[in-house]
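Hi,

Here's the structure I promised to pass on. Have a look at it first, then read my notes below.

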Amino acid sequence: LLDMMCLLDERFCLTLIGFGYELAALREYAYTRCGLSEKRVFFVIKPEKQEIARWYARAHLFVFASQSETQG
């Protein structure tokens, strides 16, 4: 997803919601290696369930990038 953001113009932004052991590495990759700004890639860390619902309701597109986890 972050690599894809590098190919898109400034009109597009990405909000990543969640938390995990890869958070620091993802932030470093997005901001340092890809050179994306915090306005284009925004991390929402450990939100409450109600806040997650609000973020999803505002989204134009939902992408679930996992190739191993499934959501019913």
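Which residue forms a salt bridge with E10? The answer is R40, and the closest N and O atoms of that pair are 3.7 Å apart. Just so you know, this is a predicted model.

E10 sits in the loop between helix 1 and strand 1, while R40 is in the loop between helix 2 and strand 2, so the pair links parts of the chain that are 30 residues apart.

R11 is exposed at 68% relative accessibility, and D9 is partly exposed at 37%.

Now for the rings. The structure has three aromatic pairs. One of them is F42 with W55: the ring centres are 5.7 Å apart and the planes meet at 35 degrees, so this pair is tilted. It also links distant parts of the chain, with F42 in strand 2 and W55 in helix 3, 13 residues apart. F42 itself is partly exposed, at 38%.

Another pair is Y56 and F62, whose centres are 5.3 Å apart; their planes are at 75 degrees, so they count as edge-to-face. Y56 is partly exposed too, at 44%.

W55 turns up again with a charged neighbour: R58 lies over the face of W55, 4.1 Å from the ring centre. Likewise, K46 lies over the face of F19, at 4.2 Å from the ring centre.

Cheers

Conventions
Residues numbered from 1 in each chain as written. Predicted model: local features only at pLDDT ≥ 70, side-chain atom pairs only at ≥ 80, totals over all residues. Heavy atoms only, no water. Buried < 20%, exposed > 50% of the residue type's maximum accessible area, 1.4 Å probe, protein only. Salt bridge = Lys/Arg side-chain N within 4 Å of Asp/Glu carboxyl O. Helix = DSSP H or I, 4+ residues; strand = E, 2+ residues; numbered from the N terminus. Phe/Tyr/Trp six-rings, centres within 6.5 Å; stacked < 30°, edge-to-face > 60°. Lys NZ or Arg CZ within 6 Å of the ring centre and 35° of its normal.
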